[in-house]
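Please work through the following exercises with the structure at hand. Each task is followed by a solution in steps.

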Amino acid sequence: MGAVKETFDAATGEVAAQPGETHLAAVPFASRHIGPQPTDLADMLELLGHRSLDALVDAAIPEPIRLGRPLAIPAAKTEVAMIRELQELSKRNEVWRSFIGMGYHDCFTPPMITRNILESPRWYTAYTPYQPEISQGRLEALLNYQTMVSDLTGLPLANASLLDEATAAAEAMALTLAVLPPRRAPVFLVADSCHPQTIAVLRTRAEARGVRVVTGPVAGFRFGGDVIGALVQYPTTEGAVEDYRELCVQAHAHGALVTAAADLLALTLLTPPGEWGADICVGSSQRFGVPLGFGGPHAAFFATRDEHKRHLPGRLIGVSKDRDGRLALRMALQTREQHIRREKATSNVCTAQVLLAVMAGMYAVYHGPEGLERIALGVHRRTLRLARGLEALGHRIVHAHWFDTIVVEVAPSRRWGIDAALRERRINVRDLGPTRLGIALDETVSEQDLADLLAAFGSHGTPERLGAAEHRLPPALRRASPYLTHPVFHRNRSETAMLRYMRELEARDFSLTHTMIPLGSCTMKLNATSELAPVTWPRFQRLHPFCPPEQARGYHELFRQLEAWLGEVTGLPHVSLQPNAGSQGEYAGLLAIRGWHRSRGEDHRRVCLIPQSAHGTNPASAVMAGFEVVVVRTHAERGDVDLDDLRAKLAEHAGRVAALMVTYPSTYGVFEGGIRELCALVHEAGGLVYLDGANLNAMVGLCRPGDFGADVCHINLHKTFCIPHGGGGPGMGPICAAPRLAPFLPTHPVVPVGGDGGEAVVSAAPWGSASILPISWAYIRLMGPDGLALASKVAILAANYVAKRLAGAYPVLYTGAQGLVAHECIIDLRPFKASAGIDVEDVAKRLIDYGFHPPTVSFPVAGTLMIEPTESEPKEELDRFCDAMLAIREEIRAIEDGRADRDRNVLRLAPHTLLQVAATAWDRPYSREEAAFPSAETRLRKQWPAVTRIDGAWGDRNLVCTCPPMEAYAGQS
Amino acid sequence: MEFPSDLRYTADHEWLRAEGAEAVVGITAFAVDQLGDVVYVDLPQPGTRLFAGAPFGTVESVKSVSELVAPVDGEVVGVNAGLADHPELVNQACYGEGWMLRIRPADPAQAAALKSADEYRALVGG
C-alpha cells in the first residue's frame with residue numbers, strides 16, 4: 001500500500017483515508033485478533049459497495065433489534081496488562097493438598113504431554129474429525145483411548161468420551177431405557193454409595209424422562225417389575241471395593257442391566273466390571289494425566305457390550321479403509337447421533353472431550369500396563385500405610401477392602417484438633433459427618449504428604465514400611481486378565497519414541513495452524529496464546545472442585561466478572577456456568593423453563609416448538625428435558641420461520657405451549673426481520689423463548705437476545721469466546737437467563753450454586769469445566785466493548801465478502817432483506833449433480849487437495865456448503881479460499897463441457913495422497929500435478945491428507961472400535 | 001431407474017409383491033439411491049402386527065436413518081435374516097436378495113390399491 005494510512009474508528013466503524021496513527025494502535029489486541037487489516041477492510045467494503053463497516057452492518061441487522069450503544073463492560077487491556085490482572089486474580093486461589101476424592105484425583109501430567117498436546121495449537125485448535133482424511137492423527141489417538149477403556153473395563157465397545165462421569169451415568173440410564181422393552185413406570189436403582197453429584201445429575205435426567213430413581217444400599221436392591229437397571233460405584237464413593245457379582249446375576253435374571261461407575265486406575269488391579277457381569281461401565285479418565293482444573297474439563301468414558309452398539313451415546317471411532325484399501329479411521333455409526341435422529345435420539349450429546357481423551361490415552365501409551373500397575377500399586381500401598389498409621393493412633397478404618405480411598409472414624413473429642421491440624425498443614429479431606437473423614441490418595445502423594453497426614457491425626461513418627469505382598473484388595477476381585485496388550489502401549493517407553501509418536505500423529509491432521517477452518521455454525525476463530533496460557537497455571541489447574549470456597553476466591557471473582565459480562569452481552573443477566581457444552585446448555589435452559597411453568601402450576605405445558613431448520617440437537621434436548629416436539633415450518637426460499645405456521649401451531653396447542661427454541665441469526669445464517677414478532681407471539685401464548693446461541697458471533701455488541709425477546713440462551717464459549725475446539729471438545733455452554741428464570745438455574749448437591757427454586761443439576765462439577773473459563777475471560781478483557789463489536793462486524797463483513805466473491809460461480813442461498821448474509825453463507829452445489837455428476841462431498845474433498853479444511857457439509861441444507869470465515873482470518877486467506885473455490889468451479893465446468901471424464905476426474909477421486917501421486921503407476925486422465933498441486937500456493941506449501949476418501953459404509957458394516965492388530969497395517973507400504 | 005411392473009408401490013418408497021396369501025416387502029430403487037450405502041436394517045420379529053402407514057423398522061446408511069413404513073395391514077411371517085450380516089444386499093438387489101419382510105396381508109384389496117409402477121415412477125420423477 002501507499003503512504004496513506006487508513007484509519008478505522010472502532011466505535012462507528014467508519015473507515016477513512018487519513019494521515020496519522022492507525023486507530024488499531026489504541027485497540028492493540030483487537031488488531032491481532034482480527035485478521036483483515038484496515039486497508040483490507042476498505043477493499044472488502046468496496047467490493048460489497050458499502051461505504052463503511054457500520055453501513056454494512058446496519059443493512060444486515062434489522063433496525064428494531066440493534067443495540068445502538070457500546071456494551072457496558074470494561075475497556076480493553078493489552079495482553080501484558082491482562083496477564084498481570086489474571087495473575088493477581090489467580091493468586092487468590094490457594095493450592096492445598098486435596099485428598100477429597102469423589103471422582104477427582106490429583107495426578108502427574110507427564111510434562112511432554114502438557115507441552116506437546118495440552119499446550120500445542122496443532123492439537124487444541126483442530127475441529128471435530130468430520131473430515132477423517134485430514135484427522136487420522138487424533139482419530140488414532142482416540143482409538144488408543146477407546147482401546148484403553150475397553151481393556152480396563154472388560155467391555156468390548158468404548159466410545160470416544162463423554163462430558164463427565166455424572167452425565168455418563170445418566171447416559172447409561174438412557175441406554176438402559178432404550179434397549180429394554182418399554183415399561184409403564186420404569187424404575188432405576190442407584191446405590192447410595194455413588195458420588196453425590198452423579199446421583200443428582202441422574203435424578204434430574206430421570207425425572208424429565210419419566211423414570212423413577214430409587215436410591216438406597218445395594219444390599220436392598222430387588223429386581224423385577226418395572227425395574228430396568230441399577231447403578232453401582234466401584235470402588236464406592238467412600239472407597240470400599242464391593243462384590244457385585246450376585247447383584248448382576250439377580251439383575252440379569254429379571255432382564256435388567258447393571259451399570260458400574262468405576263475408577264480406571266483401580267481397574268488395573270481389580271476384576272473389571274465387564275468380567276463380573278456389568279453391562280455398562282462409566283467413569284472419569286481425569287486421573288490419567290488430566291489436571292483437576294477445579295472440576296474440568298475431563299473426559300468421561302462409556303463402555304458397553306457389543307449388542308448395545310446402536311444405542312451407544314456420543315462419538316465412536318471405528319476402523320475402516322480408504323478407496324485404495326488402506327486402513328483408515330473415522331467416526332462410526334453416526335446415525336445414532338442427535339444431528340441425524342433429532343427427537344428420536346436417545347441423547348442430545350454432540351461432542352466428546354477429545355483433547356482430554358487424547359491426553360488420557362497418551363498417559364496410557366506413555367506408562368504402558370506395567371507403568372499403570374506400578375502407579376496403582378504405589379497409591380494402594382501408600383493408602384495402606386496411611387491406614388496402618390491411623391489405626392496405630394487409635395482411629396478406626398471403616399471399610400475392609402479399598403483401593404486408594406479410606407474412611408476413618410475419629411472420636412468426636414479429637415475431631416476439632418484434627419481439623420485444625422489439617423488446616424494448618426493445608427490439607428483438604430472429605431467431611432463425612434462429625435466422626436468420619438474420607439481420605440483419597442493419588443499418584444502425587446509423597447512421603448512428606450503421608451507424614452503430614454498422619455501428623456494431623458496425632459502421629460509424631462514416620463509412616464511404617466510394609467511387607468512386599470501386603471494389600472487390602474479383596475482376593476476374589478484381584479484382576480487376572482491382561483490389558484493394554486496392543487503394541488502401541490509398549491513401544492513408546494522412551495521419551496524420544498513417545499515424542500516422535502505424538503508428532504507423527506499430529507502431522508496427519510489439519511488445524512488452525514495450517515488453514516482456515518471455515519465451518520459454518522462452528523466459529524473457528526483465533527484461540528490466542530495469551531488467552532490459553534493461563535489454563536496451565538497451577539493456581540487454576542490444581543484445585544479440587546469441592547475444595548472449601550475460601551481456597552477458590554480467585555475463581556469465584558473470575559466467575560462473577562465473566563457472568564456479569566456474558567449477562568451484558570446477551571441482555572440476560574442471570575448466568576449459570578455449569579453446562580459443559582451447548583447441548584447441556586439447551587437442556588439446562590429448557591429445564592429452567594419447565595421449572596418456571598411448574599412453579600406457576602402449569603407443568604402441563606410440555607409442547608416445545610422447534611423450526612424445521614433447527615440443528616438436530618434442539619429436538620433431542622427438548623425430549624431429554626421432558627418436552628414434546630412440534631415442528632414449525634421454515635420458508636423454503638428465505639429460510640425464515642414461517643410466522644403463519646407458528647400462529648397455527650400456537651393455536652393448535654393453545655394452553656400447552658412451554659417454549660419455542662430458535663437459533664439467531666437463523667441456522668441459514670440470516671438476521672430474520674421477524675424475530676421480535678416471533679418472540680412476542682410465543683409470549684402471548686404463555687410460552688418462553690429459548691435462543692440457541694450457536695450464532696452469537698454475529699451479534700456480540702450489535703444486538704442482544706434479551707432485548708428482542710429471548711428468555712434464556714446458551715453461549716458456546718468454544719465458538720464465540722475463543723475456547724479452542726480441542727479436536728472435538730472441550731466446550732462450554734453456559735446459559736444466560738431473564739430474571740424470572742433465575743430461581744431455576746442449575747444447582748449442585750456439594751457446592752451451593754444457582755437459584756433457590758432450582759433442583760436441576762446438569763454437570764458433575766458446580767461450574768462445569770472451570771479451568772477453561774479464563775480463556776473467555778481473557779478474550780473479553782483483551783477486546784473490550786469496542787473490540788468485541790468490531791469482531792462481530794468484521795465477521796459479518798468476511799462472510800459477505802466470501803458470499804460476494806463466490807456468487808458468480810455458485811448460487812448463494814438465503815440472504816436477508818438487503819441481500820446480505822449474517823456471519824456465514826450457504827452455497828448450493830446441488831445443480832452440479834445433474835450437470836457434472838459432482839456432489840458436495842466431491843467439492844469438500846477437493847478442497848483438501850487445495851490445502852483447506854472443508855466448510856460444513858450438508859447442514860442445514862443437504863447438498864450445500866456452509867462457510868463461516870470468522871473475523872480472525874486475514875483477507876489473504878479469505879482470497880486464497882475463494883480462489884480455490886473458483887478454481888474448483890472451473891474443474892466442474894471442464895466436466896460439464898466434456899473436457900474431463902465424468903467419473904475419473906480430480907473431484908470424484910479427491911483427495912489425492914502423496915502415495916498415490918508418487919506411485920509408479922498412474923493411469924488417470926489428468927496429471928499428477930493437477931491432482932496434488934492445483935494452485936501456486938500448494939506448490940509452496942503442501943499439507944497432505946493421510947489417506948484418500950474413506951469407505952464409511954464398509955466400516956459401519958464391519959464395526960471395529962479398538963486398535964486393530966499390527967498385521968492390519970502390514971503390507972501397506 | 002428400475003421399477004418392476006409386477007410390484008405395487010407406496011409413497012413411502014416401499015414395494016410389495018403379492019405371492020398367494022402372502023406378500024414380500026422391500027424398498028425401491030429410488031429409496032436406495034436416496035439412502036446411499038445401507039449399513040443396517042432393523043426389522044421386526046415374525047408375528048409382529050403391521051398397520052398400514054405406521055413405521056415397522058428402520059434402514060440406516062452411513063449418514064441417514066429412515067423409517068420403514070408398512071404398506072398394508074397385516075402380520076410379519078418372515079424377515080430377511082441375510083440382511084443382518086449383509087445389509088449391502090439392499091443396494092445390490094433391492095427387489096431380489098435385498099427384500100425385507102414376508103407378510104400376511106389382512107386385506108388383499110389394500111395391496112391392490114397401492115400404486116402401479118407407472119404411478120410410482122411419476123411420483124418420483126423417474
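The exercises below concern confidence, a pair of helices and a chain contact.

The model is predicted: local features need pLDDT of at least 70, side-chain atom pairs count only at pLDDT 80 or more, and totals for chains, interfaces and linings use all residues. Residues are numbered from 1 along each chain as its sequence is written, while chains are lettered from A and ligands numbered from 1 in the order in which they are written.

**Exercise 1.** State the average pLDDT of chain A.

Solution. The term pLDDT is the predictor's confidence in each residue, from 0 to 100. Chain A averages 94, and 97% of the residues score at least 70. Over residues 1–27 of chain A, however, the pLDDT is below 50.

**Exercise 2.** Describe how helix 25 and helix 28 of chain A pack.

Solution. Helices are DSSP runs (H or I, at least four residues), numbered from the N terminus. Helix 25 (residues 773–807) and helix 28 (residues 875–896) of chain A have axes 10 Å apart, at an angle of about 30 degrees. Axes are lines fitted to C-alpha atoms over the stretch in contact, and angles run from 0 to 180 degrees between N-to-C directions. Helix 25 of chain A is therefore roughly parallel to helix 28 of chain A (angles under 35 degrees).

**Exercise 3.** Determine how many residues of chain A are in contact with chain B.

Solution. Two residues are in contact if their C-beta atoms, placed from the backbone, lie within 7 Å. Eight residues of chain A meet nine residues of chain B in this way. Helix 32 of chain A gives the most to the side of chain A that touches chain B, with four residues.

Key
Helix = DSSP H or I, 4+ residues; strand = E, 2+ residues; numbered from the N terminus. Parallel < 35°, antiparallel > 145°, perpendicular 65-115°, else oblique.
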